[in-house]
Amino acid sequence: MPSVTSAAGLIHLGMDTSKNTIVVGILMPGEQVPVIDRIWNEEGSVRHLIGRLGDPAGLRCCYEAGPCGFELHRLLASMGVACDVVAPSLIPRRSGDRVKTDKRDASRLARLHRAGELTAIRVPSPAEEAVRDLVRVRAALLADRKRAQQRITAMLMRHDRIWRATYWTREHERWIAGQSFEEPALAAALAHYRAALGTRRAELDAVESELALWAGREPLAPIVARLGCYRGIAALHGLTLAAEVVDWRRFGSARAFMGFTGLVPAEYSSGERTRRGSITKAGSEPVRTALIEAAWAYRYQPAIGVVLRRRQRDASPETLARSWQAQRRLHGRYKAMTARGKPAGVAVTAVARELAGFVWAEMTS
């Protein structure tokens with residue numbers, strides 16, 4: 001493509017990124033159709049492109065958040081170029097548009113960015129992103145542990161070894177350890193499955209030990225301490241919420257944050273008919289898991305024990321008041337739902353949804 005010279009006004013660049021290349025839609029001032037260019041996804045090519053466009057202060061770039069991360073944003077920022085990383089799920093799309101190409105995506109991003117119709121996300125600092133990656137290691141290991149447990153359960157069920165009480169208690173694990181098979185191959189298979197589960201548990205213990213250290217370090221320690229004033233939100237849960245959410249004020253309301261967690265029920269309503277289903281499970285799975293695990297603590301009567309009192313030692317009176325209000329309301333919610341016959345898991349999910357509202361209010365107050 002020939003060199004693009006700068007004109008009066010701002011130049012908008014929509015970038016569709018991939019592992020090897022970046023397709024760039026360059027929308028000049030006063031033009032309606034972007035010029036399309038394709039460059040290598042590497043620092044030298046990006047610098048060459050920006051150099052051809054004149055004054056970096058006259059450029060406005062954007063690209064979708066995705067697997068390529070935020071290094072492109074940081075590179076452009078270091079060059080003095082304003083760049084937005086936009087939320088893919090909030091990009092306007094026509095319902096009948098069924099054609100997707102890199103060129104069309106880059107062109108659409110440039111036009112929508114100039115029109116102000118894109119929603120930018122807050123880009124985490126390198127330190128915040130590093131802690132978040134470590135938090136996601138724990139989430140991955142939790143999923144691996146669950147799969148290892150499911151394999152053991154499935155194998156035993158195939159051979160009519162069925163446990164009819166609560167799974168993965170001490171009694172259940174003693175029962176598994178006592179299972180024996182006459183076929184040597186079958187006994188070896190169970191031994192390998194149990195060894196794999198033991199490995200996942202050891203890995204999980206190791207990463208949780210590392211995460212416990214980061215809960216008390218910058219840049220997230222103040223947020224973790226504030227969230228820790230709420231019952232059930234221990235250091236690991238607080239660190240998960242802090243690392244995954246980062247910018248609490250990007251959610252305009254508690255309801256918006258609840259939707260982000262995926263804890264709101266799916267709904268299909270039309271006219272006078274209202275249908276609600278199970279929770280959407282949209283948004284961040286680590287955030288949803290942390291809130292649900294914390295919500296189980298609200299089964300018990302409101303109280304401030306030794307551990308919670310220690311976490312609340314330096315908290316403000318306003319935070320303490322909100323924390324106590326959360327205990328009373330969420331415990332009442334759990335008791336009311338279970339009294340109506342709702343299963344404990346359903347009640348805890350509802351409690352987790354309201355807990356999301358409380359922590360959003362805490363972090364935005």
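This section describes the overall dimensions of a predicted model and the arrangement of several of its elements in the N-terminal part of the sequence.

The chain contains 13 helices and seven strands. Along the principal axes, its C-alpha atoms fill a box of roughly 75 × 60 × 50 Å. Of the 365 residues in the chain, 41% are buried. The accessible surface amounts to about 19,900 Å², and carbon and sulfur atoms account for 52% of this area. When contacts between residues at least 6 apart in sequence are considered, 61% of them join residues at least 24 apart.

Strand S1, spanning residues 11-17, is mostly covered, with six of its seven residues buried. S1 pairs with two other strands, S4 and S2. With strand S2 (residues 21-27) the arrangement is antiparallel and involves six bridges. S1 and S2 form a hairpin, with three residues between them; in this pairing, Thr17 stands opposite Ile22 of S2. With strand S4 (residues 59-64), S1 runs parallel, and five bridges join the two. Here Met15 is placed opposite Tyr63 of S4.

Helix H1 comprises residues 43-52 and includes Ser45. Ser45 has a relative accessibility of 14% and therefore counts as buried, the cut-off being under 20%. Leaving aside residues up to four places away in sequence, Ser45 touches Ile39 and Trp40.

Helix H2 covers residues 71-78, and its buried residues are Leu72, His73, Arg74, Leu75 and Leu76. The buried residues of H2 pack against both strands of the hairpin, S1 and S2, as well as against S4, the parallel partner of S1. Further elements packed against the buried residues of H2 are helix H1, strand S5 (82-86) and helix H4 (126-158). Just after H2, Gly80 adopts a positive phi of about 85 degrees.

Technical notes:
Residues numbered from 1 in each chain as written. Predicted model: local features only at pLDDT ≥ 70, side-chain atom pairs only at ≥ 80, totals over all residues. Heavy atoms only, no water. Helix = DSSP H or I, 4+ residues; strand = E, 2+ residues; numbered from the N terminus. Buried < 20%, exposed > 50% of the residue type's maximum accessible area, 1.4 Å probe, protein only. Contact = heavy atoms within 4.5 Å. Areas by Shrake-Rupley, 256 points an atom, 1.4 Å probe, with all protein chains shown as cover. Pairing = 2+ DSSP bridges.
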